[in-house]
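Me: Could you walk me through this structure? I am new to reading strands and helices, so please go one step at a time.

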Amino acid sequence: MRAMALLEVQGLKLALRGHSSGLRFGRARRIEILKGIDFTLDAGESLGIVGESGSGKTSLGRTIIRLHEPSAGSVRFADREITHLNASALRGLRKDMQMIFQDPMSSLNPRRRIGPILAQPLHAFDRRTKAETVQRVAQLLDLVALPRSFAARYPHELSGGQRQRVGIARALALEPKLVIADEIVSGLDVSTQAQILALLRSLKERLGLALIFISHDLSVVRVLCDRVLVLLAGEVVEQGPCEEVFRKPRHPYTRELLEAIPLPDVDPDWLDAVAVDP
Amino acid sequence: MNDMLAIEALRITIAGRNVLRDVSLAVPQGHVHGLVGESGAGKTMVARAVLGILPAAARVISGHIAFDGAEITHMSERERRALLGRGIALIPQDPMTALNPAFRIEHQIVDVLRHHFGLGRTAARAQALELMHQVHIRAPERVLRQFPHELSGGMRQRVLIAIAFACRPKLIIADEPSTALDVTVQRQVLRLIKHLQARENTAVLFVTHNLGVVAKICDTMTVLHAGRVVEEGSVEACFERPAHAYTRALMAATPRYDQPAAALAPVPEALSRDLADEATAWDARHGAA
(Lines give C-alpha, C1' and ligand atoms only; values in the text may rest on other atoms or scores of the structure.)
Protein backbone atom coordinates (compact mmCIF):
# COMPACT_ATOMS: atom_id res chain seq x y z
CA MET A 1 0.00 0.00 0.00
CA ARG A 2 1.19 3.48 -0.79
CA ALA A 3 2.30 5.63 2.09
CA MET A 4 0.04 8.43 3.26
CA ALA A 5 -2.94 8.06 1.01
CA LEU A 6 -5.55 10.77 1.59
CA LEU A 7 -8.34 8.21 1.74
CA GLU A 8 -8.08 4.51 2.58
CA VAL A 9 -11.15 2.36 2.33
CA GLN A 10 -10.81 -1.20 3.58
CA GLY A 11 -13.32 -4.02 3.57
CA LEU A 12 -16.16 -1.53 3.57
CA LYS A 13 -19.56 -3.12 3.91
CA LEU A 14 -22.99 -1.61 4.03
CA ALA A 15 -26.20 -3.40 4.88
CA LEU A 16 -29.52 -1.63 4.84
CA ARG A 17 -32.92 -2.77 5.96
CA GLY A 18 -34.75 -3.95 2.87
CA HIS A 19 -38.15 -2.84 1.70
CA SER A 20 -40.57 -5.38 3.04
CA SER A 21 -42.73 -6.74 0.28
CA GLY A 22 -46.12 -7.62 1.65
CA LEU A 23 -46.85 -8.21 5.29
CA ARG A 24 -43.88 -9.59 7.18
CA PHE A 25 -43.49 -10.20 10.84
CA GLY A 26 -40.33 -10.41 12.86
CA ARG A 27 -37.09 -8.79 11.83
CA ALA A 28 -36.82 -6.91 8.56
CA ARG A 29 -34.59 -8.41 5.93
CA ARG A 30 -31.15 -6.79 5.66
CA ILE A 31 -29.79 -6.27 2.18
CA GLU A 32 -26.06 -6.18 1.55
CA ILE A 33 -25.42 -3.13 -0.61
CA LEU A 34 -21.63 -3.05 -0.39
CA LYS A 35 -19.77 -6.31 0.06
CA GLY A 36 -16.28 -5.36 1.11
CA ILE A 37 -14.80 -2.49 -0.89
CA ASP A 38 -11.05 -1.70 -0.86
CA PHE A 39 -9.37 1.25 -2.48
CA THR A 40 -7.09 4.17 -1.75
CA LEU A 41 -7.00 7.70 -3.08
CA ASP A 42 -4.02 10.06 -2.97
CA ALA A 43 -4.23 13.79 -2.43
CA GLY A 44 -4.96 15.53 -5.72
CA GLU A 45 -5.97 12.29 -7.42
CA SER A 46 -9.27 11.65 -9.15
CA LEU A 47 -11.09 8.35 -9.05
CA GLY A 48 -14.12 7.42 -11.13
CA ILE A 49 -16.62 5.00 -9.59
CA VAL A 50 -18.71 3.42 -12.32
CA GLY A 51 -21.46 0.84 -12.45
CA GLU A 52 -25.03 0.34 -13.54
CA SER A 53 -28.10 1.08 -11.44
CA GLY A 54 -28.10 -0.94 -8.27
CA SER A 55 -24.33 -1.50 -8.33
CA GLY A 56 -23.90 0.46 -5.09
CA LYS A 57 -21.92 3.39 -6.49
CA THR A 58 -24.07 6.07 -4.88
CA SER A 59 -24.17 4.14 -1.58
CA LEU A 60 -20.38 3.90 -1.64
CA GLY A 61 -20.03 7.69 -1.94
CA ARG A 62 -22.55 8.26 0.80
CA THR A 63 -20.91 5.72 3.10
CA ILE A 64 -17.46 7.30 2.69
CA ILE A 65 -18.85 10.66 3.72
CA ARG A 66 -20.81 8.93 6.49
CA LEU A 67 -24.30 9.68 5.32
CA HIS A 68 -24.72 5.93 5.75
CA GLU A 69 -23.34 4.00 8.71
CA PRO A 70 -21.06 1.20 7.44
CA SER A 71 -21.75 -2.28 8.82
CA ALA A 72 -18.11 -3.36 8.61
CA GLY A 73 -14.72 -2.22 7.38
CA SER A 74 -12.89 1.04 7.83
CA VAL A 75 -12.48 4.44 6.23
CA ARG A 76 -9.32 6.41 6.99
CA PHE A 77 -9.11 10.02 5.88
CA ALA A 78 -5.94 12.12 6.18
CA ASP A 79 -4.44 9.43 8.43
CA ARG A 80 -7.36 9.42 10.78
CA GLU A 81 -9.88 6.66 11.40
CA ILE A 82 -13.29 8.15 10.60
CA THR A 83 -15.44 5.03 10.41
CA HIS A 84 -17.09 5.54 13.75
CA LEU A 85 -16.73 9.24 14.49
CA ASN A 86 -19.54 10.72 16.53
CA ALA A 87 -21.74 13.54 15.27
CA SER A 88 -19.63 16.44 16.53
CA ALA A 89 -16.36 15.01 15.21
CA LEU A 90 -18.10 14.39 11.88
CA ARG A 91 -19.00 18.05 11.66
CA GLY A 92 -15.33 19.01 11.64
CA LEU A 93 -14.61 16.35 9.04
CA ARG A 94 -17.28 17.59 6.64
CA LYS A 95 -15.24 20.75 6.16
CA ASP A 96 -12.55 18.67 4.45
CA MET A 97 -14.88 16.32 2.60
CA GLN A 98 -17.66 17.78 0.52
CA MET A 99 -20.32 16.31 -1.70
CA ILE A 100 -21.89 17.62 -4.90
CA PHE A 101 -25.25 16.17 -5.84
CA GLN A 102 -26.80 15.19 -9.15
CA ASP A 103 -29.72 17.55 -9.29
CA PRO A 104 -28.80 21.10 -8.29
CA MET A 105 -32.44 22.12 -8.53
CA SER A 106 -33.30 19.95 -5.56
CA SER A 107 -30.07 20.53 -3.60
CA LEU A 108 -30.23 24.35 -3.79
CA ASN A 109 -32.86 26.04 -1.64
CA PRO A 110 -35.29 27.63 -4.13
CA ARG A 111 -36.20 30.41 -1.69
CA ARG A 112 -32.67 31.69 -1.13
CA ARG A 113 -30.50 33.74 -3.43
CA ILE A 114 -27.19 32.36 -4.67
CA GLY A 115 -25.18 34.67 -2.37
CA PRO A 116 -26.67 33.34 0.89
CA ILE A 117 -26.53 29.77 -0.48
CA LEU A 118 -22.76 30.13 -0.98
CA ALA A 119 -22.33 31.92 2.35
CA GLN A 120 -24.08 29.22 4.35
CA PRO A 121 -21.13 26.83 4.69
CA LEU A 122 -18.95 29.83 5.62
CA HIS A 123 -21.30 30.79 8.45
CA ALA A 124 -21.51 27.19 9.60
CA PHE A 125 -17.78 26.77 10.05
CA ASP A 126 -16.00 30.12 10.26
CA ARG A 127 -16.59 33.36 12.00
CA ARG A 128 -16.31 36.02 9.34
CA THR A 129 -17.34 39.61 9.08
CA LYS A 130 -20.02 40.53 6.59
CA ALA A 131 -17.44 42.11 4.31
CA GLU A 132 -15.25 39.00 4.40
CA THR A 133 -18.22 36.80 3.54
CA VAL A 134 -19.24 38.99 0.60
CA GLN A 135 -15.64 38.91 -0.59
CA ARG A 136 -15.44 35.11 -0.36
CA VAL A 137 -18.75 34.66 -2.20
CA ALA A 138 -17.41 36.82 -5.02
CA GLN A 139 -14.22 34.72 -5.12
CA LEU A 140 -16.26 31.53 -5.31
CA LEU A 141 -18.33 32.85 -8.20
CA ASP A 142 -15.08 33.83 -9.98
CA LEU A 143 -13.73 30.35 -9.36
CA VAL A 144 -16.58 28.68 -11.23
CA ALA A 145 -16.68 31.40 -13.92
CA LEU A 146 -20.06 32.87 -13.02
CA PRO A 147 -20.66 36.65 -12.99
CA ARG A 148 -20.56 38.15 -9.48
CA SER A 149 -24.00 39.63 -10.05
CA PHE A 150 -25.38 36.08 -9.81
CA ALA A 151 -25.16 36.39 -6.02
CA ALA A 152 -28.46 38.25 -6.17
CA ARG A 153 -30.26 35.65 -8.28
CA TYR A 154 -32.46 32.71 -7.32
CA PRO A 155 -31.69 29.14 -8.46
CA HIS A 156 -34.67 29.03 -10.84
CA GLU A 157 -33.28 32.01 -12.74
CA LEU A 158 -30.20 29.98 -13.70
CA SER A 159 -29.70 27.36 -16.41
CA GLY A 160 -28.90 23.76 -15.46
CA GLY A 161 -25.19 24.25 -16.14
CA GLN A 162 -25.09 27.46 -14.12
CA ARG A 163 -26.86 25.77 -11.21
CA GLN A 164 -24.34 22.97 -11.27
CA ARG A 165 -21.57 25.60 -11.13
CA VAL A 166 -23.20 26.98 -7.98
CA GLY A 167 -23.26 23.45 -6.54
CA ILE A 168 -19.54 23.16 -7.26
CA ALA A 169 -18.81 26.59 -5.75
CA ARG A 170 -20.70 25.69 -2.58
CA ALA A 171 -18.75 22.47 -2.22
CA LEU A 172 -15.48 24.39 -2.60
CA ALA A 173 -16.42 27.16 -0.13
CA LEU A 174 -14.49 25.61 2.77
CA GLU A 175 -11.49 24.53 0.69
CA PRO A 176 -12.04 20.78 1.12
CA LYS A 177 -9.34 18.21 0.43
CA LEU A 178 -11.78 15.75 -1.11
CA VAL A 179 -14.91 16.29 -3.17
CA ILE A 180 -17.36 13.49 -3.91
CA ALA A 181 -19.45 14.24 -6.99
CA ASP A 182 -22.43 12.00 -7.69
CA GLU A 183 -23.64 11.99 -11.32
CA ILE A 184 -23.20 15.74 -11.52
CA VAL A 185 -23.16 16.01 -15.32
CA SER A 186 -25.86 13.44 -16.06
CA GLY A 187 -28.78 15.74 -16.72
CA LEU A 188 -26.83 18.18 -18.88
CA ASP A 189 -26.61 18.67 -22.64
CA VAL A 190 -23.29 17.64 -24.19
CA SER A 191 -22.15 21.21 -24.78
CA THR A 192 -22.89 22.17 -21.15
CA GLN A 193 -21.44 18.90 -19.94
CA ALA A 194 -18.19 19.57 -21.79
CA GLN A 195 -17.94 22.99 -20.11
CA ILE A 196 -18.52 21.58 -16.62
CA LEU A 197 -15.96 18.82 -17.26
CA ALA A 198 -13.41 21.42 -18.39
CA LEU A 199 -14.14 23.47 -15.26
CA LEU A 200 -13.70 20.45 -12.96
CA ARG A 201 -10.42 19.53 -14.65
CA SER A 202 -9.00 22.99 -14.16
CA LEU A 203 -10.25 23.26 -10.54
CA LYS A 204 -8.73 19.89 -9.74
CA GLU A 205 -5.38 21.07 -11.03
CA ARG A 206 -5.44 24.58 -9.58
CA LEU A 207 -6.66 23.59 -6.12
CA GLY A 208 -5.00 20.19 -5.87
CA LEU A 209 -8.36 18.60 -5.09
CA ALA A 210 -8.89 14.91 -4.69
CA LEU A 211 -12.05 13.90 -6.51
CA ILE A 212 -14.34 10.89 -6.35
CA PHE A 213 -16.51 11.06 -9.42
CA ILE A 214 -19.49 8.72 -9.41
CA SER A 215 -21.05 8.13 -12.81
CA HIS A 216 -22.86 5.62 -14.98
CA ASP A 217 -21.12 7.16 -17.99
CA LEU A 218 -17.69 5.63 -18.57
CA SER A 219 -16.84 8.10 -21.32
CA VAL A 220 -17.21 11.01 -18.90
CA VAL A 221 -14.99 9.24 -16.37
CA ARG A 222 -12.32 8.82 -19.03
CA VAL A 223 -12.25 12.58 -19.54
CA LEU A 224 -11.97 13.50 -15.88
CA CYS A 225 -10.34 10.75 -13.86
CA ASP A 226 -6.89 9.30 -13.31
CA ARG A 227 -8.17 5.97 -12.09
CA VAL A 228 -11.43 4.05 -12.34
CA LEU A 229 -13.16 1.49 -10.14
CA VAL A 230 -15.87 -0.70 -11.64
CA LEU A 231 -18.64 -1.85 -9.31
CA LEU A 232 -21.01 -4.74 -9.89
CA ALA A 233 -23.59 -5.69 -7.27
CA GLY A 234 -21.66 -4.13 -4.42
CA GLU A 235 -18.28 -5.57 -5.36
CA VAL A 236 -15.25 -4.14 -7.12
CA VAL A 237 -14.70 -6.17 -10.28
CA GLU A 238 -11.82 -4.12 -11.62
CA GLN A 239 -9.80 -1.03 -10.77
CA GLY A 240 -6.80 0.67 -12.30
CA PRO A 241 -5.61 3.65 -14.31
CA CYS A 242 -8.28 4.82 -16.82
CA GLU A 243 -5.83 4.51 -19.65
CA GLU A 244 -5.33 0.78 -18.97
CA VAL A 245 -8.84 -0.23 -17.95
CA PHE A 246 -10.47 1.44 -20.95
CA ARG A 247 -7.93 0.16 -23.43
CA LYS A 248 -7.55 -3.36 -22.08
CA PRO A 249 -10.35 -4.25 -19.68
CA ARG A 250 -9.49 -7.46 -17.83
CA HIS A 251 -12.84 -8.35 -16.34
CA PRO A 252 -15.59 -9.59 -18.69
CA TYR A 253 -18.13 -7.30 -17.03
CA THR A 254 -16.01 -4.22 -17.76
CA ARG A 255 -15.72 -5.37 -21.36
CA GLU A 256 -19.46 -5.86 -21.59
CA LEU A 257 -20.07 -2.37 -20.19
CA LEU A 258 -17.65 -0.76 -22.64
CA GLU A 259 -19.03 -2.62 -25.63
CA ALA A 260 -22.57 -1.54 -24.73
CA ILE A 261 -21.67 2.16 -24.99
CA PRO A 262 -22.79 3.53 -28.35
CA LEU A 263 -19.80 5.55 -29.55
CA PRO A 264 -20.64 8.20 -32.14
CA ASP A 265 -19.26 6.17 -35.06
CA VAL A 266 -21.41 4.59 -37.75
CA ASP A 267 -21.24 0.82 -37.25
CA PRO A 268 -24.06 -1.33 -38.63
CA ASP A 269 -22.73 -4.45 -36.88
CA TRP A 270 -22.91 -2.97 -33.39
CA LEU A 271 -26.60 -3.74 -32.89
CA ASP A 272 -26.47 -7.08 -34.64
CA ALA A 273 -23.79 -8.25 -32.23
CA VAL A 274 -26.36 -8.77 -29.47
CA ALA A 275 -29.21 -11.26 -29.56
CA VAL A 276 -32.76 -9.92 -29.79
CA ASP A 277 -33.67 -12.45 -27.15
CA PRO A 278 -31.84 -11.30 -24.00
CA MET B 1 -39.46 6.15 -52.42
CA ASN B 2 -42.65 6.64 -50.49
CA ASP B 3 -42.23 9.13 -47.64
CA MET B 4 -44.19 7.99 -44.60
CA LEU B 5 -43.57 11.33 -42.93
CA ALA B 6 -42.86 14.57 -44.76
CA ILE B 7 -42.52 17.82 -42.86
CA GLU B 8 -42.22 20.95 -44.95
CA ALA B 9 -41.09 24.36 -43.70
CA LEU B 10 -42.86 23.94 -40.39
CA ARG B 11 -42.96 27.10 -38.31
CA ILE B 12 -44.36 27.02 -34.79
CA THR B 13 -44.48 29.78 -32.21
CA ILE B 14 -45.18 29.74 -28.50
CA ALA B 15 -46.39 33.02 -27.05
CA GLY B 16 -45.07 34.86 -30.10
CA ARG B 17 -41.57 33.32 -29.90
CA ASN B 18 -40.40 31.13 -32.77
CA VAL B 19 -39.67 27.60 -31.57
CA LEU B 20 -39.50 25.90 -34.98
CA ARG B 21 -38.07 27.96 -37.81
CA ASP B 22 -39.04 26.36 -41.14
CA VAL B 23 -38.15 22.79 -40.24
CA SER B 24 -38.28 20.28 -43.10
CA LEU B 25 -37.54 16.59 -42.94
CA ALA B 26 -38.68 13.34 -44.52
CA VAL B 27 -38.79 9.76 -43.26
CA PRO B 28 -39.18 7.19 -46.06
CA GLN B 29 -40.99 3.91 -45.44
CA GLY B 30 -38.80 1.43 -43.60
CA HIS B 31 -36.20 4.03 -42.60
CA VAL B 32 -35.04 5.12 -39.17
CA HIS B 33 -34.49 8.86 -39.11
CA GLY B 34 -32.68 10.48 -36.19
CA LEU B 35 -33.75 13.89 -34.92
CA VAL B 36 -30.86 15.22 -32.86
CA GLY B 37 -30.32 18.36 -30.85
CA GLU B 38 -29.74 19.75 -27.40
CA SER B 39 -32.51 20.80 -25.05
CA GLY B 40 -34.51 23.65 -26.48
CA ALA B 41 -33.54 22.77 -30.06
CA GLY B 42 -37.15 21.88 -30.83
CA LYS B 43 -36.93 18.12 -31.36
CA THR B 44 -39.75 17.29 -28.96
CA MET B 45 -41.83 20.07 -30.56
CA VAL B 46 -41.47 18.35 -33.94
CA ALA B 47 -42.58 15.04 -32.43
CA ARG B 48 -45.55 16.65 -30.72
CA ALA B 49 -46.58 18.45 -33.90
CA VAL B 50 -46.65 15.15 -35.78
CA LEU B 51 -48.70 13.50 -33.03
CA GLY B 52 -51.01 16.51 -32.84
CA ILE B 53 -50.34 17.08 -29.16
CA LEU B 54 -48.74 20.53 -29.20
CA PRO B 55 -48.90 22.59 -26.00
CA ALA B 56 -51.99 24.81 -25.83
CA ALA B 57 -49.94 27.98 -26.33
CA ALA B 58 -48.26 26.68 -29.52
CA ARG B 59 -49.40 27.94 -32.92
CA VAL B 60 -48.58 26.41 -36.30
CA ILE B 61 -47.86 29.56 -38.33
CA SER B 62 -46.98 27.92 -41.61
CA GLY B 63 -45.76 24.70 -43.17
CA HIS B 64 -47.14 21.21 -43.67
CA ILE B 65 -46.96 17.79 -42.09
CA ALA B 66 -47.90 14.89 -44.34
CA PHE B 67 -48.33 11.29 -43.22
CA ASP B 68 -48.34 8.66 -45.97
CA GLY B 69 -49.13 11.37 -48.49
CA ALA B 70 -52.05 12.92 -46.58
CA GLU B 71 -51.94 16.31 -44.90
CA ILE B 72 -52.25 16.01 -41.10
CA THR B 73 -51.12 19.49 -40.03
CA HIS B 74 -54.47 20.55 -38.63
CA MET B 75 -56.35 17.45 -37.54
CA SER B 76 -59.56 17.44 -35.58
CA GLU B 77 -59.60 15.49 -32.33
CA ARG B 78 -61.63 12.75 -34.02
CA GLU B 79 -59.26 12.44 -36.98
CA ARG B 80 -56.27 12.37 -34.67
CA ARG B 81 -57.75 9.54 -32.61
CA ALA B 82 -58.38 7.51 -35.74
CA LEU B 83 -54.80 8.05 -36.85
CA LEU B 84 -52.87 7.41 -33.64
CA GLY B 85 -52.12 3.82 -32.81
CA ARG B 86 -52.91 2.32 -36.20
CA GLY B 87 -51.20 4.92 -38.39
CA ILE B 88 -48.72 6.58 -36.07
CA ALA B 89 -47.60 5.19 -32.71
CA LEU B 90 -45.36 6.52 -29.97
CA ILE B 91 -42.63 4.90 -27.92
CA PRO B 92 -42.32 7.36 -25.05
CA GLN B 93 -39.26 8.24 -23.02
CA ASP B 94 -40.36 7.40 -19.53
CA PRO B 95 -42.07 4.02 -19.29
CA MET B 96 -43.05 4.65 -15.68
CA THR B 97 -45.28 7.60 -16.48
CA ALA B 98 -46.53 6.17 -19.77
CA LEU B 99 -47.99 3.10 -18.12
CA ASN B 100 -50.88 3.43 -15.71
CA PRO B 101 -49.56 2.37 -12.28
CA ALA B 102 -53.00 1.21 -11.15
CA PHE B 103 -53.53 -1.48 -13.78
CA ARG B 104 -51.84 -4.74 -14.61
CA ILE B 105 -49.84 -4.93 -17.84
CA GLU B 106 -52.41 -7.25 -19.42
CA HIS B 107 -55.19 -4.75 -18.85
CA GLN B 108 -53.23 -1.97 -20.56
CA ILE B 109 -52.36 -4.03 -23.64
CA VAL B 110 -55.80 -5.60 -23.93
CA ASP B 111 -57.35 -2.11 -23.81
CA VAL B 112 -55.32 -1.04 -26.83
CA LEU B 113 -56.20 -4.15 -28.81
CA ARG B 114 -59.91 -3.96 -28.02
CA HIS B 115 -60.06 -0.28 -28.84
CA HIS B 116 -58.32 -0.55 -32.19
CA PHE B 117 -59.46 -3.95 -33.41
CA GLY B 118 -62.69 -4.46 -31.51
CA LEU B 119 -61.39 -7.80 -30.30
CA GLY B 120 -63.23 -9.76 -27.64
CA ARG B 121 -61.56 -10.21 -24.27
CA THR B 122 -60.29 -13.73 -24.93
CA ALA B 123 -58.96 -12.94 -28.37
CA ALA B 124 -57.29 -9.78 -27.05
CA ARG B 125 -55.65 -11.76 -24.26
CA ALA B 126 -54.25 -14.28 -26.68
CA GLN B 127 -52.98 -11.45 -28.86
CA ALA B 128 -51.37 -9.73 -25.82
CA LEU B 129 -49.51 -12.93 -25.00
CA GLU B 130 -48.31 -13.16 -28.59
CA LEU B 131 -47.05 -9.56 -28.40
CA MET B 132 -45.09 -10.38 -25.25
CA HIS B 133 -43.36 -13.13 -27.22
CA GLN B 134 -42.66 -10.69 -30.06
CA VAL B 135 -40.74 -8.37 -27.74
CA HIS B 136 -38.92 -11.35 -26.23
CA ILE B 137 -40.20 -11.07 -22.71
CA ARG B 138 -39.46 -14.21 -20.76
CA ALA B 139 -42.26 -15.59 -18.61
CA PRO B 140 -44.86 -13.52 -20.50
CA GLU B 141 -47.81 -14.93 -18.53
CA ARG B 142 -46.30 -13.66 -15.31
CA VAL B 143 -45.40 -10.24 -16.72
CA LEU B 144 -48.97 -9.78 -17.98
CA ARG B 145 -50.24 -10.25 -14.44
CA GLN B 146 -47.77 -7.75 -12.96
CA PHE B 147 -48.10 -4.04 -12.28
CA PRO B 148 -45.69 -1.54 -13.90
CA HIS B 149 -43.77 -0.92 -10.66
CA GLU B 150 -42.95 -4.62 -10.40
CA LEU B 151 -41.01 -4.53 -13.67
CA SER B 152 -37.49 -3.28 -14.38
CA GLY B 153 -37.00 -0.24 -16.62
CA GLY B 154 -35.97 -2.43 -19.53
CA MET B 155 -39.04 -4.65 -19.14
CA ARG B 156 -41.37 -1.67 -18.98
CA GLN B 157 -39.81 -0.31 -22.16
CA ARG B 158 -40.34 -3.69 -23.86
CA VAL B 159 -44.01 -3.55 -22.88
CA LEU B 160 -44.33 -0.07 -24.43
CA ILE B 161 -42.58 -1.24 -27.58
CA ALA B 162 -45.10 -4.08 -27.75
CA ILE B 163 -47.96 -1.58 -27.41
CA ALA B 164 -46.46 0.70 -30.08
CA PHE B 165 -46.09 -2.16 -32.57
CA ALA B 166 -49.41 -3.77 -31.56
CA CYS B 167 -51.40 -2.11 -34.36
CA ARG B 168 -48.63 -2.46 -36.92
CA PRO B 169 -48.34 1.31 -37.47
CA LYS B 170 -46.62 2.72 -40.55
CA LEU B 171 -44.77 5.35 -38.54
CA ILE B 172 -43.39 5.24 -35.02
CA ILE B 173 -42.22 8.27 -33.11
CA ALA B 174 -39.58 7.13 -30.62
CA ASP B 175 -38.93 9.91 -28.12
CA GLU B 176 -35.65 9.21 -26.28
CA PRO B 177 -36.80 5.59 -25.77
CA SER B 178 -33.51 4.41 -24.27
CA THR B 179 -32.29 7.48 -22.41
CA ALA B 180 -33.28 6.41 -18.90
CA LEU B 181 -31.81 2.90 -19.21
CA ASP B 182 -28.46 1.39 -18.25
CA VAL B 183 -26.16 0.95 -21.26
CA THR B 184 -26.43 -2.82 -21.44
CA VAL B 185 -30.23 -2.64 -21.32
CA GLN B 186 -30.23 0.29 -23.74
CA ARG B 187 -28.40 -1.80 -26.29
CA GLN B 188 -30.96 -4.60 -26.01
CA VAL B 189 -33.87 -2.18 -26.33
CA LEU B 190 -32.32 -0.53 -29.40
CA ARG B 191 -31.71 -3.96 -30.89
CA LEU B 192 -35.36 -4.87 -30.34
CA ILE B 193 -36.68 -1.66 -31.91
CA LYS B 194 -34.42 -2.15 -34.93
CA HIS B 195 -35.46 -5.80 -35.26
CA LEU B 196 -39.20 -5.09 -35.19
CA GLN B 197 -38.83 -2.01 -37.38
CA ALA B 198 -36.96 -3.97 -40.04
CA ARG B 199 -39.41 -6.86 -39.93
CA GLU B 200 -42.49 -4.63 -40.19
CA ASN B 201 -40.80 -2.16 -42.56
CA THR B 202 -41.90 0.64 -40.23
CA ALA B 203 -40.70 4.23 -40.62
CA VAL B 204 -39.26 5.56 -37.35
CA LEU B 205 -38.61 9.14 -36.29
CA PHE B 206 -36.03 8.64 -33.56
CA VAL B 207 -35.75 11.65 -31.27
CA THR B 208 -32.64 11.76 -29.10
CA HIS B 209 -29.86 13.97 -27.76
CA ASN B 210 -27.41 11.06 -27.93
CA LEU B 211 -25.23 11.11 -31.06
CA GLY B 212 -23.92 7.63 -30.32
CA VAL B 213 -27.41 6.15 -30.38
CA VAL B 214 -28.13 7.88 -33.70
CA ALA B 215 -24.94 6.52 -35.21
CA LYS B 216 -25.95 2.98 -34.27
CA ILE B 217 -29.64 2.80 -35.13
CA CYS B 218 -30.46 5.47 -37.73
CA ASP B 219 -30.19 5.51 -41.53
CA THR B 220 -30.60 9.25 -41.95
CA MET B 221 -30.61 12.19 -39.58
CA THR B 222 -31.44 15.84 -38.99
CA VAL B 223 -29.54 18.07 -36.56
CA LEU B 224 -31.62 20.83 -35.00
CA HIS B 225 -30.35 23.94 -33.27
CA ALA B 226 -32.65 26.65 -31.91
CA GLY B 227 -35.53 25.37 -34.03
CA ARG B 228 -33.54 25.36 -37.25
CA VAL B 229 -32.21 22.48 -39.32
CA VAL B 230 -28.42 22.88 -39.40
CA GLU B 231 -27.49 19.52 -40.92
CA GLU B 232 -29.23 16.63 -42.64
CA GLY B 233 -28.26 13.56 -44.59
CA SER B 234 -27.30 9.93 -44.23
CA VAL B 235 -25.66 9.04 -40.92
CA GLU B 236 -22.49 8.11 -42.80
CA ALA B 237 -22.30 11.56 -44.36
CA CYS B 238 -23.21 13.43 -41.18
CA PHE B 239 -20.73 11.57 -38.98
CA GLU B 240 -17.88 11.16 -41.42
CA ARG B 241 -18.18 14.45 -43.34
CA PRO B 242 -20.29 16.81 -41.24
CA ALA B 243 -21.07 19.93 -43.25
CA HIS B 244 -21.98 22.28 -40.41
CA ALA B 245 -19.60 23.58 -37.74
CA TYR B 246 -22.24 22.91 -35.06
CA THR B 247 -22.41 19.19 -35.93
CA ARG B 248 -18.62 19.00 -35.74
CA ALA B 249 -18.64 20.89 -32.42
CA LEU B 250 -21.26 18.55 -30.93
CA MET B 251 -19.15 15.56 -31.88
CA ALA B 252 -16.02 17.13 -30.41
CA ALA B 253 -17.91 17.86 -27.17
CA THR B 254 -19.07 14.24 -26.79
CA PRO B 255 -16.76 12.33 -24.44
CA ARG B 256 -15.54 8.92 -25.60
CA TYR B 257 -14.03 6.26 -23.41
CA ASP B 258 -11.58 5.32 -26.14
CA GLN B 259 -10.01 8.77 -26.38
CA PRO B 260 -7.94 10.70 -23.85
CA ALA B 261 -9.32 13.72 -22.05
CA ALA B 262 -7.46 16.18 -24.25
CA ALA B 263 -9.61 15.19 -27.22
CA LEU B 264 -12.71 16.78 -25.67
CA ALA B 265 -13.50 20.32 -26.80
CA PRO B 266 -16.41 22.39 -25.53
CA VAL B 267 -18.56 24.09 -28.18
CA PRO B 268 -16.68 27.33 -29.05
CA GLU B 269 -18.38 30.46 -27.73
CA ALA B 270 -17.97 32.21 -31.07
CA LEU B 271 -19.99 29.42 -32.72
CA SER B 272 -22.76 29.65 -30.13
CA ARG B 273 -22.88 33.42 -30.70
CA ASP B 274 -23.02 33.00 -34.49
CA LEU B 275 -25.87 30.49 -34.19
CA ALA B 276 -27.80 32.77 -31.85
CA ASP B 277 -27.26 35.68 -34.28
CA GLU B 278 -28.51 33.57 -37.19
CA ALA B 279 -31.67 32.70 -35.26
CA THR B 280 -32.22 36.38 -34.44
CA ALA B 281 -31.69 37.30 -38.08
CA TRP B 282 -34.23 34.65 -39.10
CA ASP B 283 -36.76 36.14 -36.69
CA ALA B 284 -36.09 39.63 -38.05
CA ARG B 285 -36.73 38.43 -41.62
CA HIS B 286 -39.91 36.57 -40.77
CA GLY B 287 -41.29 38.81 -38.03
CA ALA B 288 -42.71 37.75 -34.73
CA ALA B 289 -46.08 36.06 -34.82
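Reply: Happy to! One term first: two strands pair if DSSP finds at least two bridges between them. Keep in mind as well that this is a predicted model.

Me: How many bridges join strand β6 of chain A to β7(A)?
Reply: Strand β6 covers residues 97–100 of chain A, and it runs parallel to β7(A). One place to look is M99(A), which stands opposite I180(A) in β7(A). The number of bridges joining β6(A) and β7(A) is four.

Me: Which residue in β8(A) does A181(A) stand opposite?
Reply: Strand β8 spans residues 210–215 of chain A, and five bridges join β7(A) to it, again in the parallel sense. Within that pairing, the residue opposite A181(A) is F213(A).

Me: Which strands stand at the edges of the open sheet in chain B?
Reply: This sheet has four strands in the order β2-β1-β4-β5, with antiparallel pairing. An edge strand has a single partner, so one of its sides is left without a neighbour in the sheet. In chain B, the strands in that position are β2 (17–28) and β5 (70–71).

Me: What is the bridge partner of A66(B) in β5(B)?
Reply: Strand β4, residues 58–67 of chain B, pairs with β5(B) in the antiparallel sense over two bridges. In β5(B), the partner of A66(B) is E71(B).

Me: At about what angle to β1(B) does helix α1 of chain B run?
Reply: Helix α1 takes in residues 43–51 and lies across β1 (3–14), β2 and β4 of chain B. Its angle to β1(B) is about 115°.

Me: Which helix gives the largest share of the side of chain A that touches chain B?
Reply: The contact takes 35 residues from chain A and 35 residues from chain B. On the chain A side, α7, α8 (218–224), α10 (252–260) and α11 (269–272) each supply at least two residues. The largest share is seven residues, and it comes from α7(A).

Note on methods. Residues are numbered from 1 along each chain as its sequence is written. Chains are lettered from A and ligands numbered from 1 in the order in which they are written. This is a predicted model: local features need pLDDT of at least 70, side-chain atom pairs count only at pLDDT 80 or more; totals for chains, interfaces and linings use all residues. Two residues are in contact if their C-beta atoms, placed from the backbone, lie within 7 Å. Axes are lines fitted to C-alpha atoms, for helices over the stretch in contact, and angles run from 0 to 180 degrees between N-to-C directions.
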